[in-house]
Amino acid sequence: MPIQYSGIVDEHQAVRQACGVFDVSHMGEVLITGPDAESYVNHIFTNNVKDIPDGKILYGMMCYEDGGVVDDLLVYKVADKHFFLVINAANIDKDWAWIQEQSKGYDVALEHQSNLYGELAIQGPDSERVMKEILGIDGSDLTFYTFKTLSLLTSHPLPLLSRTGYTGEDGFEIYATPNYINECWDKLIASGRCKPCGLGCRDTLRFEVGLPLYGDELSADITPIMAGLGVFVKLDKEEFIGKDALARQKAEGPAKKLVGIELNDKAIPRHGYVVLKDGQPIGEVTTGYHTISTDKSVCMALIDSQYATLDTEVDIQIRKKVFSGKVVKKQFYNKNYKK
Amino acid sequence: MAKVLEGLYYSESHEFVRVDGDYGFVGITDYAQNALGNVVYVDMPEVDDEVAAGEEFGAVESVKAASDLISPVSGTVVEINEALEDTPELINQDAFENWIIKVELSDKADLDNLMDAKAYAAFCEK
C-alpha cells in the first residue's frame, strides 16, 4: 500500500465527501474455533464476547498482565464457538505467538489465515451505493459493526462483508481471497466513482476522529485506560489477561493520559515532540497534523494526568521554537457512522 | 516533470538562490514542493537572524512530514516572505516565485558550491 495515489488531501476529501477504497490486505486474520472458543477469546480480549449475536463485531485489545497492549483488534462472531480476529499488520508475528501461547488449557483450534485473505476497505458516504452498483454487493442490511458472509465462488477462506472502517465515515470492509479482492479493486478504480487511497490519508482520517493507532496511541507502555479507551475494557468480566492491573489503574487513575491539544499557530506537532508546562516536560506528542477537514494544528499527546483537564494551557516544542496551545477533546472531527 | 529555472543556483537539499546584487532570495525548488505535497506551514527565521551555508534555518511542513530548510548561502536575513505565514500553499502554486527568505550575502563564494540549472536538473534525474 503506497503512501498516496492522487495526494493525501485529495484522497482524504474523497472519503469524507464521496467514496475511497483502501487495499488493506496487509491486515492479519486469525480464526478461533472449538468448544472453548468463547471463553478463550474472552480470556485474551478486553471486550466481552459472551452471548453476543452471530454477525456482531467488537473492538477491543489484547493486553499483557501489566495492562500494556499487545494489539488492538476486531473480533467477529461468525457462529457459536467460531470467532474471526482482525489484527494489525505490524503485529502479526507477535500476536500469533501470543495467541498460541495463551491457549494452553483451552480446547480451541487456532488458524492463522493472514496469507489466505486479501482485504478492501470501501469508505465514505457513497460507499454503500458504489459497492452495490459496481461490485453487486449489497450492504444495506448491515448496521455499524455487524457483518455477513458473502456467497462467492470460493468459500475458503470464508468471504466476509462488514460495516466497519478506520476513517470515521460510513463504510465497509471485504475479506476474501487475494484474487477476488484484486478484481474488486480493479473494478472500483475503473468505475471512476471511488478514489484509490493510500496509507497517508488512512492516518489523517483516523486521526481526525480520534481513533488510536497501535504504536502511537496504544503500546506495551500505553494501556487502554491511559488512552481513554476504558469503554472497551469490561472490568465486570470474570477474568481476562491484564484485568487486575487495568482495574487498579482505573481506580487509582493513570499517571499519564492521552489528550488532544490544539495549537494557536500553524506549526505541526509531530510524533515524539515534547509537551511542556511552564518550561518543564510533561509528555510527548503521539500523532499530530494540520487537519485537512478543519484547518487546525492539533495532536494527540500522552501527558501527566494533572494537566489533562480541558482548556489547560500547555506548550509544545517544535524544532527550536515553543508554541502555545490548550488541551481539547481528542476528537477533531465528528464521526459520520450509519448506525 | 519538475520545473528548473535558468540563472538560479541550486543545492543538493533542493533549495534555490536567486541572486540580485548583494542579496539572495532563498526558497525550495519545484522538485521539492512536488515531493513534499501540500505545504501547510513554513517555519521561517526572523529578520536580522544570521544564516550559514549548509545549516538549517527553518522547515517546510507538508501534511506528510516536516522537512528542514538548509541555507545554501551565508548572511543576514533582511526580509521574510510574510505571505507564506497565512498562505503557505503559495509554494505549491509556484515555488520559484515564492521565495522564503531574502539574505544579504556575506560571502558570494558560497555560490561556487552550488549547482547551475543544468547540473541540478541532472541531479534530480538520478
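View 1. B:His14 counts as buried, because 25 C-beta neighbours fall inside 10 Å (a residue is buried if 20 or more other C-beta atoms lie within 10 Å of its own, exposed if 12 or fewer, and partly exposed in between, with C-beta atoms placed from the backbone). The model is predicted, and local features need pLDDT of at least 70 and side-chain atom pairs count only at pLDDT 80 or more, whereas totals for chains, interfaces and linings use all residues. Residues are numbered from 1 along each chain as its sequence is written, and chains are lettered from A and ligands numbered from 1 in the order in which they are written. B:His14 is not a glycine, yet its phi is positive, at about 70°.

**View 2. The six-stranded sheet of chain B.** This open sheet has the strand order E1-E2-E3-E9-E8-E5 in chain B, with antiparallel pairing (two strands pair if DSSP finds at least two bridges between them). Strand E1 (9–10) and strand E5 (50–51) of chain B are the edge strands, and each pairs on one side only. Inside the sheet order, strand E3 (residues 23–28) and strand E9 (residues 101–105) of chain B run antiparallel and are joined by four bridges. B:Tyr23 has B:Glu104 in E9(B) as its bridge partner. In a regular strand the side chains alternate between the two faces of the sheet.

**View 3. The three-stranded sheet of chain B.** The order of this open sheet is E4-E6-E7 in chain B, and its pairing is antiparallel. Strand E4 (39–43) and strand E7 (66–70) of chain B stand at the edges with a single partner strand each, so one side of each has no neighbour in the sheet. On average, neighbouring strands of this sheet are turned by 25° against each other, direction ignored (axes are lines fitted to C-alpha atoms, for helices over the stretch in contact, and angles run from 0 to 180 degrees between N-to-C directions). Five bridges hold the antiparallel pair of strand E6 (residues 56–62) of chain B and E7(B). B:Gly58 has B:Leu69 in E7(B) as its bridge partner.

**View 4. Chain B as a whole.** Four helices and nine strands make up the secondary structure of chain B. Read from the N terminus, these elements follow the order β-β-β-α-β-β-β-β-β-α-α-β-α. Chain B has a radius of gyration of 13 Å, close to the 14 Å that the globule rule gives for 126 residues, so it is as compact as a globular protein of that length (the radius is taken over C-alpha atoms, and the rule is 2.2 Å times the number of residues to the power 0.38). Along the principal axes, the C-alpha atoms of chain B fill a box of roughly 35 × 35 × 20 Å. Of the 126 residues in chain B, 41% are buried.

**View 5. The hairpin of E3(A) and E4(A).** Strand E3 (residues 57–63) of chain A is mostly covered, with six of its seven residues buried. E3(A) runs antiparallel to strand E4 (residues 69–79) of chain A, and seven bridges join the two. A:Met62 has A:Asp71 in E4(A) as its bridge partner. Five residues lie between the strands of the hairpin, where A:Gly67 takes a positive phi near 90°.

**View 6. Two loops of chain A.** The peptide bond that joins A:His156 and A:Pro157 is cis, with omega about -5°. A:Pro157 is placed in the loop between strand E8 (147–149) and strand E9 (160–162) of chain A. In the loop between strand E15 (297–304) and strand E16 (313–318) of chain A lies A:Asp311. A:Asp311 has a positive phi of about 75° although it is not a glycine. A:Asp311 is exposed, because 7 other C-beta atoms lie within 10 Å.

**View 7. The contact between chain A and chain B.** Chain A gives 14 residues to the contact and chain B gives ten residues (two residues are in contact if their C-beta atoms, placed from the backbone, lie within 7 Å). On the side of chain A that touches chain B, helix H1 (8–17), helix H6 (199–208) and strand E14 (280–290) of chain A are the elements that give two or more residues.
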